[in-house]
Amino acid sequence: MVVATEEMAVYCFDTLVAHYSGEQPPPPAFDEGVHPLFVTWKKATNGSEPRLRGCIGTLEPRQIVSGFKDYALTSALRDRRFSPIQSKELPYLECTVSILTEYETALNYLDWEVGKHGLIIEFTDPDYNVRRSGTYLPEVAAHEGWTQLEAIDSLMRKAGYNGTITESLRKKIRVTRYQSTLYTMQYGEYTAYVKKNRGEINGASIVNGFKPGQ
């Protein structure tokens, strides 16, 4: 089984740094595979709790090298919930890469564990007779301090349902649970990795985490 690694997070940072510099990122230092994956960017300033700046991925298996390259940029620049991440934010970023595994159909909307399982829900909106769906990664409910019920109700809202949430509607939800492996890297850890292994970022020496001219 493929697990999330340091090198995958490095490759996502490489890709974002290369985007700002107009260069191509170095080749990845991990093997190709085919898995569902997500890339999450958070930003921490003045020692604060990191806040979400973008999170996009795919629930369908795809090649992970091109997947991480695509979603590193998509989550940083095209998550419609946030403004695009700017190069000046780099020193405050942390990147989490997730590889999704062990998809299982849940028996009901409570047949999963907070902190262990991610969720995919699918249901019919009774007000508009349209199908709605959404997902939360395994770490979301635990980070928010939600119960199973709170997580399900929140995910229904995220899926676009604005009507009354009833027990009978919850019982009609189709729930797929999954697990993930993840790796989180801060920008300072990224620059330390690059300095140790390459001595430079995309051809320019590092000075206090920045390339000259930044």
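Guide: What follows is a walk through salt bridges and then aromatic pairs. This is a predicted model, in which local features need pLDDT of at least 70 and side-chain atom pairs count only at pLDDT 80 or more, while totals for chains, interfaces and linings use all residues. Residues are numbered from 1 along each chain as its sequence is written, and side-chain values use heavy atoms, with hydrogens and water left out.

A salt bridge here is a side-chain nitrogen of Lys or Arg within 4 Å of a carboxyl oxygen of Asp or Glu, and by this rule the count comes to 11. One of them joins Arg 198 and Asp 14, with 2.7 Å from N to O. This pair links distant parts of the chain, since Asp 14 belongs to helix H1 whereas Arg 198 sits in the loop between helix H6 (187-197) and strand E7 (200-201), 184 residues apart. Helices (H or I, at least four residues) and strands (E, at least two) are DSSP runs, numbered from the N terminus. Asp 14 is buried, with a relative accessible area of 1%, whereas Arg 198 is partly exposed at 33%; buried means under 20% relative accessible area, exposed over 50%, and partly exposed in between, with a 1.4 Å probe and protein chains only.

Another salt bridge joins Arg 53 and Glu 89, whose closest N and O atoms are 3.0 Å apart. Arg 53 lies in strand E2 (residues 51-63) and Glu 89 in the loop between helix H2 (64-77) and E3, 36 residues apart. Arg 53 counts as buried at 10% relative accessibility, and Glu 89 is buried at 6%. Together with Lys 43, Arg 53 and Glu 89 are linked in a network of salt bridges.

Rings of Phe, Tyr and Trp (its six-membered ring) pair if their centres lie within 6.5 Å, and planes under 30 degrees apart count as stacked, over 60 as edge-to-face and the rest as tilted. The rings of Tyr 11 and Phe 30 have centres 5.8 Å apart and planes at 75 degrees, so this pair is edge-to-face. Tyr 11 lies in helix H1 (residues 6-21), and Phe 30 in the loop between H1 and strand E1 (34-43), 19 residues apart. Tyr 11 is buried, with a relative accessible area of 5%, and Phe 30 is buried at 12%.
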